[in-house]
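Please keep the structure in view while reading.

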Amino acid sequence: MTATTTAPARREAANPLTAGQLPLWGPWALIGVALAIGAAVSALVAGASGTDFSIVAAVLIAYVLYLVAITVVSQQIEGGRKAADRLVTGVVVGAFVLALVPLVSLVSTVIINGAARFDLQFFTWTMRNVVGEGGGVLHAIIGTLLVTLWAAIISVPVGIFTAIYLVEYGRGRLSQAITFFVDVMTGIPSIVAGLFAYALFALFAGEGVRAGIGGAVALSLLMIPTVVRSTEEMLKLVPNDLREASYALGVPKWLTIAKVVLPTALAGIVTGVTLAIARVIGETAPLLIIAGFTTNMNYNVFDGRMMTLPVFAYNQYVSPGVQEQAYFDRAWTAALVLILIVMLLNVIARIIAKVFAPKAGR
Amino acid sequence: MTTAVQPVAKQRLADVVFKTVSTTAGVLILIALAGVAIFLVAQAVPAIIGPLPGIDGGFFAWVWPLTFGTIWSAFLAMVMAVPVAVGIALFITHFAPRRLAQGLGYVVDLLAAIPSVIYGLWGITVLAPFMQPAYTWLTQNLGWLPLFAPPASGTGRTILTASIVLAVMVLPIITALCREIFLQTPRLNEEAALALGATRWEMIQMAVLPHGRSGIIASSILGLGRALGETMAVAMVLSSSGIISFALTAQQNPSTIAANIALRFPEAHGITVNMLIGSGLVLFAITLLVNGISRWIIARTTVKGGR
């Protein structure tokens, strides 16, 4: 007689529906354990070698531990395919957190360091005759406003009318060429735009020319493709029925565009222009080349050097004077003001897009 | 048989004026770009053909180390940025809770709104000191690799630090484009994979990634174009000596074309100005080539909708 082997006792799962799966709290428990082990290892290493406790090392060790642990545990309980899925989930979440780290670090550094000079004197003084402490950024703010204003004056009409041409009139070779070259323009490095503005103005004024309007020309080279693209998108979104209804009533084409199409697309166009301005207001390289540095106020865009906010921040940090810390403080506060202006413009653009969008479907 | 006379609409003056203004605006863009090319070439020619004082080998021998530095730093930035960007895009489109997805996308886009001079300040004051102990450790323990050859940098301002800053700067661009691409995956393909019992990662492998592969490549190349032209962050973070070297953690680092122009132009005069403009032309040509390749890839793989 063959000896019968008793089959291993069958274990009944408490809830058959959840058998073969990690519980919902499983990954979180593993994260907690990994963090604890990571902190312990990092503390041990710090204690043994005499260096400071490093949070970064603790988090890195915990992350690697978690990935290994979740894969192995899931492999045992759920099987290989689910284990791969959990591993990839961990990797992808880690990538997102990795992107947040420089953002948080940057913003907190600017806010902490920039608070040092965020006072009234900073916004009401220029750097004229200021050596060391004190001084302010008024000339840079005025310079930025003037240069950006002129860049907008140059690029917004050209951009909007080009978009009108591409959407309403263009069929054929010219519009294909314009579309292609607007695409090329999106790829111009900002410093090359500055060099072009310099070459253009050096033709008339000789070598060593510096003028605020040159900065405006360089910035408009960078703004035009953004304005054209976004206006084109907005104009294409206007339903054709509106145009055809207008033509059917005998309205000429130009009046249709001016009074029917443009007002409908206006919110989107204004949003696009505001975003283009936000992008261009922080450009340093072309202004470094053609607008130059100065410590004085200059209200005339067409004559002489003009200081702008990003160039001010760069200059103060890279060539500090006697009392270094005062220069660094001014640079950080200028950077903070710049970030605030850019964020404000972005928020305004989103508000305009939300509030003034044409109401769809009544 | 007489043919009926076709009625012709009256040409209104305002129509003609409006059309002329619009066409002129478009032509103005073409003229502006032609002007960019012509003026840059005109200013660069004296440096390209003429003898350069103090530099033997001519213009291209002078600009080659800068070109190497530009391409090497952009390559390093791409190696770091593309996998992370694809991971973030996958996270936002497929792994994150639906309600948070747009907010998370906006948070990543915040990285793109920050001006480059602020990245430079952050790179010098926060990132370089943070990475410096790691560089010392790498040169001590892995110094036999040419990438980590000693001596280690004392300030942390190496080509690797500059490339990390570049990677953070191009990350939001690639992420935004990849998000668009992943959202355009046909839902039926995704749902079919899930209905057949695929896990989320398998569904992504089967439906999302094959569909988005050319888009990922095209957006990466667009990001590469941006990294090639980035000036201020590299100018501030990198302590350069203009050499050609693959060492990532060393004291002597290559410089990039854009950073070199930013650092030397304010004080330059004479033939130096022409040389710098010539190097700007080389940079322009490289970015044109890179963007052209990206657009060619997009054009080749886009399904043309019916017109």
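Two residues are in contact here if their C-beta atoms, placed from the backbone, lie within 7 Å. The model is a predicted one.

Along its principal axes, the C-alpha trace of chain B spans about 95 × 65 × 30 Å. Of the 307 residues in this chain, 46% count as buried. Among the contacts in chain B between residues at least 6 apart in sequence, 79% join residues at least 24 apart.

An unreviewed UniProt entry annotates residues 27-49, 69-92, 104-128, 159-178, 227-248 and 268-290 of chain B as "transmembrane region". Two of these spans can be set side by side. Residues 69-92 of chain B are 100% helix and 0% strand, with end C-alpha atoms 34 Å apart. Residues 227-248 of chain B are 41% helix and 0% strand, and their end C-alpha atoms lie 17 Å apart.

Next comes the contact between the chains, which takes 64 residues from chain B and 69 residues from chain A. On the side of chain B that touches chain A, helix α1 (residues 13-49) of chain B gives the most, with 18 residues. By class, that side of chain B has 43 nonpolar, 15 polar and six charged residues.

One helix pair across the two chains is α3 (residues 80-114) of chain A and α4 (residues 116-141) of chain B, whose axes come within 10 Å and cross at roughly 90°. The helices α3(A) and α4(B) are therefore roughly perpendicular to each other. In this pair, A:S105, A:L106, A:T109 and A:V110 of α3(A) meet B:I118, B:W122, B:T125 and B:V126 of α4(B). The contact of α3(A) with α4(B) divides into five nonpolar, three polar and no charged residues.

Helix α10 (residues 253-280) and helix α13 (residues 324-355) of chain A pack at an angle of about 170°, with axes 9 Å apart. That angle makes α10(A) roughly antiparallel to α13(A). Residues of α10(A) including A:A267, A:V270 and A:L275 meet residues of α13(A), among them A:V342, A:N346 and A:I352. By class, this contact has 11 nonpolar, four polar and no charged residues.

Methods. Residues numbered from 1 in each chain as written. Chains lettered and ligands numbered in written order. Predicted model: local features only at pLDDT ≥ 70, side-chain atom pairs only at ≥ 80, totals over all residues. Axes fitted to C-alpha atoms, helices over the stretch in contact; angles between N-to-C directions. Helix = DSSP H or I, 4+ residues; strand = E, 2+ residues; numbered from the N terminus. Parallel < 35°, antiparallel > 145°, perpendicular 65-115°, else oblique. Nonpolar A, V, L, I, M, F, W, Y, C, P; charged D, E, K, R; others polar. UniProt positions renumbered as here; feature names shortened; annotations may be inferred. Buried ≥ 20, exposed ≤ 12 C-beta atoms within 10 Å, placed from the backbone.
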